[in-house]
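Subject: A structure to look through

Hello,

Here is the structure I said I would hand over. Please open it first, then read the notes below it.

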Amino acid sequence: MSRALPLAPAALPEPTPSETTSASATMLTGTVAVFDPAMCCPTGLCGPGVDPALLTISRDLRWLEKQGATVSRNGLSTAPDAFVANPRIQGLLQAFGDDALPATLINDKVLVHGRYPTREELVAALTVVPPNSACAPGSGCC
């Protein structure tokens with residue numbers, strides 16, 4: 001009889017060169033707080049069947065940290081106090097129930113809920129154009 005043993009969190013692949021340079025002209029600053037539904041471990045990257053969405057968000061969050069963002073991840077089963085302490089998450093849970101999770105806050109404002117954000121959404125929410133940079137033609141910033 002075979003028995004599935006819990007596995008250590010899967011090794012996450014390193015970002016590709018294009019992933020590491022996409023935000024090189026700008027700075028990514030701010031805080032990202034992810035509130036996960038109840039999972040078997042803090043990242044959900046364990047066991048025989050790993051959800052690809054969890055692998056993607058784990059890789060994206062690690063990448064954001066390398067770019068300078070402050071990232072926290074809170075699981076309902078591992079850090080319930082974080083859910084209770086955050087009024088925005090409490091409001092989402094009251095309004096949408098369990099369907100509100102996962103939820104992602106950027107600088108304490110809700111970016112998305114009910115799904116994980118894409119890397120593009122995270123980058124757009126965290127991008128700060130350096131003050132001495134020139135506006136790109138057609139960007140509408142000037």
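D36 counts as buried, because its relative accessibility is 0%. Buried means under 20% relative accessible area, exposed means over 50%, and partly exposed is in between (1.4 Å probe, protein chains only). The model is a predicted one: local features need pLDDT of at least 70, side-chain atom pairs count only at pLDDT 80 or more, and totals for chains, interfaces and linings use all residues. Residues are numbered from 1 along each chain as its sequence is written, and side-chain values use heavy atoms, with hydrogens and water left out.

Salt bridges

How many salt bridges does a search of the whole structure find? There are three. A salt bridge here is a side-chain nitrogen of Lys or Arg within 4 Å of a carboxyl oxygen of Asp or Glu.

D36 is in one of them, where its side chain meets that of R73 at 2.7 Å, N to O. This pair links distant parts of the chain, since R73 is in strand β3 (residues 70–75) and D36 in strand β2, 37 residues apart. Helices (H or I, at least four residues) and strands (E, at least two) are DSSP runs, numbered from the N terminus. R73 has a relative accessibility of 22%, so it counts as partly exposed.

In another salt bridge, the side chains of D60 and R119 meet at 2.7 Å, N to O. Here too distant parts of the chain are linked: D60 belongs to helix α2 and R119 to helix α5, and they are 59 residues apart. Are D60 and R119 buried or exposed? Both are buried, R119 with a relative accessibility of 10%.

R115 and E121 also form a salt bridge, with 2.8 Å between the closest N and O atoms. R115 is partly exposed because its relative accessible area is 36%. E121 is partly exposed as well, at 25%.

Strands

Strand β4 (residues 103–106) pairs with two strands. Strand β2 (residues 31–36) pairs with β4 in the antiparallel sense over four bridges, and strand β5 (residues 109–113) pairs with β4 in the antiparallel sense, also over four bridges. Two strands count as paired if DSSP finds at least two bridges between them. Across from I106 in β4 stands V32, while T104 has V112 in β5 as its bridge partner. β4 and β5 form a hairpin with two residues between them, and N107 in the turn has a positive phi of about 50 degrees.

In a regular strand the side chains alternate between the two faces of the sheet. In β4, A103 and L105 point one way, T104 and I106 point the other way, and all are buried. T104 has a relative accessibility of 0%, so it counts as buried. Leaving out residues up to four places away in sequence, T104 touches V32, A33, V34, K109, V110, L111, V112, P117 and L122. Contact means heavy atoms within 4.5 Å.

Nonpolar cores

A nonpolar core is a set of buried Ala, Val, Leu, Ile, Met, Phe, Trp, Tyr and Cys residues joined through side-chain atoms within 4.5 Å. The largest has 17 residues, and those with the most contacts inside it are L28, V32, L61, L64, Y116, L122 and L126. β2, α2 (52–67) and α5 (119–126) each supply at least two residues of this core. α2 gives the most, with five residues. Apart from this core lies another of nine residues, including A33, F83, L92 and A103.

L122 is in contact with V32, I57, D60, L64, T104, I106, L111 and P117, leaving aside its neighbours within four places in sequence.

F35 lies in strand β2 and F83 in helix α3 (residues 80–85), so the pair ties together parts 48 residues apart in sequence. F35 and F83 are both buried.

Helix α4

At the start of helix α4 (residues 87–96), a side-chain oxygen of N86 reaches to within 2.9 Å of the backbone nitrogen of R88. Just after α4, G97 takes a positive phi of about 65 degrees.

Regards

Methods:
A polar contact is a pair of N or O atoms within 3.5 Å; within protein, one must be able to donate a hydrogen and the other to accept it, and residues adjacent in sequence count only if both atoms are side-chain atoms.
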